[in-house]
Amino acid sequence: MKKFNKVVSAVMASAMVVSMLAGCTDAASTDTPDAKTDTAQQTNNSSDSGATFKIGAIGPLTGGAAAYGNAVCNAAELAVDEINAAGGINGYQIEYNKEDDEHNAEKSVNAYNTLKDWGMQILVGPTTSTPSIAVSEYTKADNMFQLTPSGSAVDCVKYDNVFRVCFSDPNQGIASAQYIADKKLATKVGVIYDSSDVYSNGIYQKFAEEAKSKNLEIVSAEAFTQDNNTDFSVQLQKAKDAGADLVFLPIYYKDASLILTQANTMGYTPTFFGVDGMDGILTVDNFDTKLAEGVMLLTPFAADATDDLTVNFVKNYQDKYGEVPNQFAADAYDAVYILKQALEAKNVTPDMSISDICEAVKGAMVEIEAAGLTSSKMTWDASGEPNKEPKAVVIKEGAYVSAE
Amino acid sequence: MSFLTYLINGLSLGSIYAIIALGYTMVYGIAKMLNFAHGDFIMVGCYIIFSVSGAIGGGSTMGVILSVILSVVLCSLLGITTEFIAYRPLRGAASPLAVLITAIGVSYLLENVALLIFGADVKSFSSVITWQGLSFADGQLRIQGVTIVTIVVSLVILICLQLFINKTKQGQAMLAVAEDKGAATLMGINVNKTIMLTFAIGSALAAVAGALLCSAYPNLSPYVGAMPGIKAFVAAVLGGIGSIPGAMIGGLVLGIVEILSKTYISSQLSDAIVFGILVIVLIVKPTGILGKVIQEKV
Amino acid sequence: MRIDKKTKDNLITYGIVVAAFLLIQVLASTGHLSSHMKGLLVPMTYYAIIAVALNLCVGILGELSIGHCGFMCIGAFTSAFFSKLTEETLPGGLRFFLAFVIGIGFAALFGFLIGIPVLRLKGDYLAIVTLAFGEIIKNVLNAFYIGYDSKGFHFSMKSQMDLGLEPDGDTVINGAMGIMGTPHDAGFTVGIIVLLISLMVVLNLINSRDGRAIMAIRDNYIAAEASGINVTRYKMMAFTISAAIAGAAGVIYSHNITTLTASSQYFGYNASIMILVYVVLGGIGNIRGSVIAACILYLLPELLRGLNKYRMLIYSIVLIVMMIVNWSPKVIEWRKRTFGNLGIKKKI
């Protein structure tokens, strides 16, 4: 009897593993049509031709970085809906799907594979740098065109099939140092950066190099980590004690809003200078925008700009998602329109293979000149790096004003 | 002078850790479980205050008091419910790890519910303490209102808890349950009710800690409680887990060490230093600063 | 030939792994495997490996560790560092083998060094110190800069600029940006082989004289000591082997995902706790259970992708329910009453 039990348990165990694996493949394959009909209903209501472009987006939709991923995926969806309503690309509708990567390179590759099973032809994403680099290994192998809206690390675009919309990190660090030196905003600079974050480190490294050659003195460079981002009193106190008259914050608005609040309660009022990650600070729910008075930042996008494109985008985004879009959203929205322009330039049709589409779009990217939310004139070279001018803005009375 | 400023900042951070650690240590001492979801109760408490004061128009003193009271009450109820649904069925399980994993499940659950309701974007929390604080030596040395309130509140809670445990019947029952569940049952103590009460108090403390944490560091997101929760756990262990004065001391030590190591050693490596000190303390004193040494018998 | 019960039990475990491997190969070659599934195979193997490692520590040695991903991190970084340096000079196969040797070696070394203070402690104090070490490893690596140029290696704990590299220099570990572009050497077959070797090491250890000594320490420390068992030696042995296997998982990790950063979501306490979840749900001390639980629980959130934003919510509820169903004394009793003998057979 005991022996019989053993045999049964062995059989049961192996049966379970088999059924599980079979179940997985089943689930994966049944999942796909489901997702298809779902998105088809959302985005594909006026299509009568069978073929559609399939664009996928990846970003952290849960976890600590979810705010960025949601902004990217929502804005891309908005752009797709608008394009579909206006007749699609080259007369073809777009299907859109998004996947969560939890800001994790490994999960991002899983998300990419899921989208590939769904039939994705072009990838808009991933939202963050490390996942973006990891996924680019795979898009390169599949020769799929990848346009990352906000993957800003240098290595994100190391392959020829990857382009980006945002500035690269070194680019921002250099531009910030140049701007501060050229405008003589300060001679003694304090830096507070996130040493656990790729974005923040990348900017800080180049900023420090450039500052040296521009004779800016960095009097304090203090780090924090994502595990230790509640108390900034030390970093601020050190900048204050070192006599910094400008504090450079190459970080995201989440932490920046906390730094501004704490500086205020300390009674420390230097000029704060941020980069594009700082955009969004004015729309933090319940944030006292008086605290941000006089903050300067280099950003390609301002949600309260008055040009028609921005006004419409902000209005539609708010109507649909109930939030004011930030720079991430703007980059993603631009990304979809840039793709549209590139696809139209080469008359690409959805029945072409992924690799052919990639080659065509790659060719188009270096030729087109795009106008969008983040710049009125963007061009690319074959490296995948955008050429656009960062705009310096200063916050006055709760709104961005051009700093020129 | 700047050393004093750093020290005060450390005290402020430390007393917040201390309040969270008090909740941790109570639950551990009596229910013998590491409640990893404790940090997320802080988050729930913050969101309750945020929503209530937003709904009734924040700023007014009445509104603030009402929202804090409501947050404390709702958090206690949540604590009791969680204990009843998720932890109680696992009491007496073959391994104490079972309930630890469930607590992690509860932590994920609370974070994801908050993510769905409030969204991922960070919200700025209006401080429940509007007092500006004190200023000494021509503004060279400033002590913020929230710092003073936090330190006072943590001391009041410490004294109340000590009195409650040592002077009341319920408190004595808790001690008995902590000592030996079986014997406590034989003496006519309702173990389930006692543990429930512990969770109610622990969660209420989390709500208070949340109000103070978000007043001092006004950023609110679904993950706001996770790291302070872990730090407070470290503080509780540092002080000797299960010991109430130990949690207080552990919290203060941790806060001060964190701030001073950031100041004088390296802001990049401050986490490593804090954890390093924990390791050293535990090697020298394996049951924490005030922990009891229990002799093992065969 | 008579095979004793334990050997048979172990053979079943190997058999399951081999059968799963063959099944996957068949499915893949007949085109029944989606890209999504194919991508999940390698992570499944390294999570299974680290679950086996942690089960050795938690289930067999009986010490709760919530910092095991720290050892995985050590294995990942040292091996990726080596592979990155020798990418051009060594042939692929040899390089990957040496990467394993180095990754496992360093993880074992750290396991040994960390084990000395850690194993003096008991219970939850031990757990919190493993967590502390895991966080220390992560935090230090985030501030770790190393590069090389024509003058040799440069090292800094402050910033990349402090390396003072020549223009031709190359930064290998760049602080929080970690190591980028490690060669993509690991595959499913390698993962399965390493998993089988880890299983052999652990199962043979359990069934050896040493293993019985380790379990005796777990069951009663004082009695074991009184019986003349060298407690420290056996504790260190189990802990070091466990760390070494975790290091092997790290090697596969860093050669599968080519961007390696020491951030919380990969090697923090949360990740370590996730591995602990695999071990507890698979059955503490049940090595085969750990492998199966790691696979199922890694797959679960991936299969829930269709649920979109509700996916992690459902996952957390499933986790709580599974724990209660599997561990609650009342539920177990009820299961036995209702299903009788079946309940025992179902348990793997």
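Domain bounds in what follows come from an automatic or database domain assignment. For chain A of this predicted model, the assignment gives domain 1 (9-166 + 306-388) and domain 2 (170-299). Ten residues from domain 1 of chain A and ten residues from domain 2 of chain A take part in the contact between them, two residues being in contact if their C-beta atoms, placed from the backbone, lie within 7 Å. On the side of domain 1 of chain A that touches domain 2 of chain A, four residues are nonpolar, six are polar and none is charged; Ala, Val, Leu, Ile, Met, Phe, Trp, Tyr, Cys and Pro count as nonpolar, Asp, Glu, Lys and Arg as charged, and the others, Gly among them, as polar.

Residues are numbered from 1 along each chain as its sequence is written, and chains are lettered from A and ligands numbered from 1 in the order in which they are written. Because the model is predicted, local features need pLDDT of at least 70 and side-chain atom pairs count only at pLDDT 80 or more, while totals for chains, interfaces and linings use all residues.

Chain A contains an open sheet of five strands in the order β2-β1-β3-β4-β5, with parallel pairing. Helices (H or I, at least four residues) and strands (E, at least two) are DSSP runs numbered from the N terminus, and two strands pair if DSSP finds at least two bridges between them. At the edges stand β2 (93-100) and β5 (162-164) of chain A, each with a single partner strand, so one side of each has no neighbour in the sheet. On average, neighbouring strands are turned by 25° against each other, direction ignored. Strands β1 (residues 52-59) and β3 (residues 122-124) of chain A run parallel and are joined by three bridges; Gly56(A) has Leu123(A) in β3(A) as its bridge partner. Helix α3 (residues 105-118) of chain A packs on the sheet, touching β1 and β2 of chain A, and its direction makes about 150° with that of β2(A). Helix α4 (residues 129-142) of chain A lies across β1, β3, β4 (145-148) and β5 of chain A, at about 165° to β4(A).

In chain C, helices α4 (residues 92-118) and α9 (residues 231-254) pack at about 145° with their axes 7 Å apart; axes are lines fitted to C-alpha atoms, for helices over the stretch in contact, and angles run from 0 to 180 degrees between N-to-C directions. The residues of this contact divide into 15 nonpolar, seven polar and no charged.

Between chains, 36 residues of chain C are in contact with 38 residues of chain B. The side of chain C that touches chain B has 28 nonpolar, three polar and five charged residues.
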